[in-house]
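Here's a quick tour of how the pieces of this model pack against each other. Have the viewer open while you read.

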Amino acid sequence: MDFALTGEQEAFRAEIREFLSSEVLAEERVEDGWISGYSREFSQKLGQQGWIGLTWPKKYGGQEKSYLDRLILTEELLRAGAPVAAHWLGDRQVGPALLAYGSEEQKQKILPQVCKGEVVFCLGMSEPGSGSDLASLQTRANEEGDHYTLNGQKIWTSFAHVADYAYLVARTDPDAPKHRGISEFLVAMDTPGIDVRPLIDATGEHHFNEVFFDNVEVPKNRLIGEKNRGWYQIASQLDYERSGIERLLSNYPLFQDTVRYAKERGLTKDPLVRDTLSQLQIELDLGRSMVYKVAWYLTQKIVPNYEAAMAKCFCTEVEQRIAKAVSELLGDYAVLLPGSPHARLAGRAAREYLYAPAYTIQGGTSNILRNIIAIRGLGLQPG
Ligand SMILES: Cc1cc2nc3c(=O)[nH]c(=O)nc-3n(C[C@H](O)[C@H](O)[C@H](O)COP(=O)(O)OP(=O)(O)OC[C@H]3O[C@@H](n4cnc5c(N)ncnc54)[C@H](O)[C@@H]3O)c2cc1C
């Protein structure tokens, strides 16, 4: 078996690196660039390169490249600490979901805009009483004449305050068993009756929100796929959401800068420092091979459901170990006054320490993923 990338793929990687070397300056690198690095301008530049919707059909603005090409692209963007949040959800999961289940009208209208980096999405899934058990959601969409009327509340909705559309799940048949009465919608965020309220996370940043829907009218042509089949459509979407390399590289820029700093300051004379950083590098390489395996499955049209769960579970725990180790290593410097050459690095480590618990919650908790691995991977049925 040959694990090497092709010459064309290596050339693509080099082209991306060259582009990023002038577009993302060292002092502007960010952690969690796919969550906190929001820049419509940067997304539009990527759109001009043809680097959004890379795997999609050309007739919708895509490039018809492979999932491995897309993985190379996302790997380079995240390693560089690029601000990719504005197009991330559209590129990663809303676009693929529309390609799979959307109407021709929806594909023609929305996908070319996503490819140009001109449209921002949020995901309206979680509710105050429904997170892991998403199928218990209570937001209602009642069919009335030429539209659905939406009432309810979503929570933890990243980007709702800047999004053009919500990709939203709601209950369309309250009498059906809970998995069978759910549908998916594309809701324009400027529709009357939507109220977005900020939630500030532990780092002091605002990226997620509560969203309230009060008699919001959604035209019928904004239903995605089949009415009441939404649950089965979401399942494949979650595999895209869980299996990407963003679940491994969220804080890679900080890891890389810390290794550089440790070498420059001679900290690597300490065997414990060497051991810690080497162990993390081993785990990064292991996680990377799991993510590449999932991308390879996608190229073969194999659904990677327990493999996606394994990758997310392992990789996000590596990210947490990185956050902890780096904070400990830079701990003495975290109290440095602003203006010190090391203050920014220490500040990034402190922020990471506060943010890292989210890695094993967002996109499905590790407990839930272990259930999936147990049931679908190992065939261990609950008693
Ligand atoms: C940074 C961040 C961004 C987010 N962005 C979005 C977004 O944009 N859109 C969106 O819809 N949601 C978003 N979420 C919400 C996220 O999807 C949920 O937080 C997650 O699914 C868990 O749901 P919950 O918070 O309701 O916890 P719960 O489901 O109440 O779980 C609480 C605890 O119980 C455990 N647990 C629950 N059920 C089981 C079980 N059956 N077996 C074993 N253990 C179990 C869980 O693992 C967890 O530890 C975001 C969350 C975070 C942290």
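How far apart do the C-alpha centres of domain 1 and domain 2 lie? They lie 25 Å apart.

## Ground rules

This is a predicted model, where local features need pLDDT of at least 70, side-chain atom pairs count only at pLDDT 80 or more, and totals for chains, interfaces and linings use all residues. Residues are numbered from 1 along each chain as its sequence is written, and side-chain values use heavy atoms, with hydrogens and water left out.

## Domains

The chain splits into domain 1 (7-119), domain 2 (123-229) and domain 3 (244-377), with bounds from an automatic or database domain assignment.

The size of an interface is often given as the accessible area lost when the parts come together. For domain 1 and domain 2 the buried area is about 1400 Å², with 62% of it from carbon and sulfur atoms (accessible area with a 1.4 Å probe that two parts lose on being put together, summed over both). Of the area that domain 1 buries against domain 2, Ile35, Leu89 and Gln106 supply 28%, more than any other three residues.

Two packed helices are described by the angle between their axes and the distance between the axes. Helices here are DSSP runs (H or I, at least four residues), numbered from the N terminus. Axes are lines fitted to C-alpha atoms over the stretch in contact, and angles run from 0 to 180 degrees between N-to-C directions.

Helix α9 (residues 271-299) packs on helix α10 (residues 305-329) at about 155 degrees, axes 9 Å apart. That makes α9 roughly antiparallel to α10 (the label for angles over 145 degrees). The crossing of α9 past α10 is left-handed, as the near helix is turned anticlockwise from the far one by less than a right angle (clockwise would be right-handed). Residues making the contact include Leu280, Leu284 and Met290 of α9 and Phe314, Val318 and Ile322 of α10. By class there are 18 nonpolar, two polar and three charged (Ala, Val, Leu, Ile, Met, Phe, Trp, Tyr, Cys and Pro count as nonpolar, Asp, Glu, Lys and Arg as charged, the others, Gly among them, as polar).

## α8 and α9

What does α9 meet in helix α8? Tyr252, Phe255, Val259 and Ala262 of α8 meet Leu277, Leu280, Gln281 and Leu284 of α9. That contact has seven nonpolar, one polar and no charged residues. The axes of α8 (residues 252-264) and α9 come within 12 Å and cross at roughly 150 degrees, and α8 passes α9 in a left-handed crossing.

Definitions and conventions:
Helices (H or I, at least four residues) and strands (E, at least two) are DSSP runs, numbered from the N terminus. Angles under 35 degrees count as roughly parallel, over 145 as roughly antiparallel, 65 to 115 as roughly perpendicular and the rest as oblique. Contact means heavy atoms within 4.5 Å.
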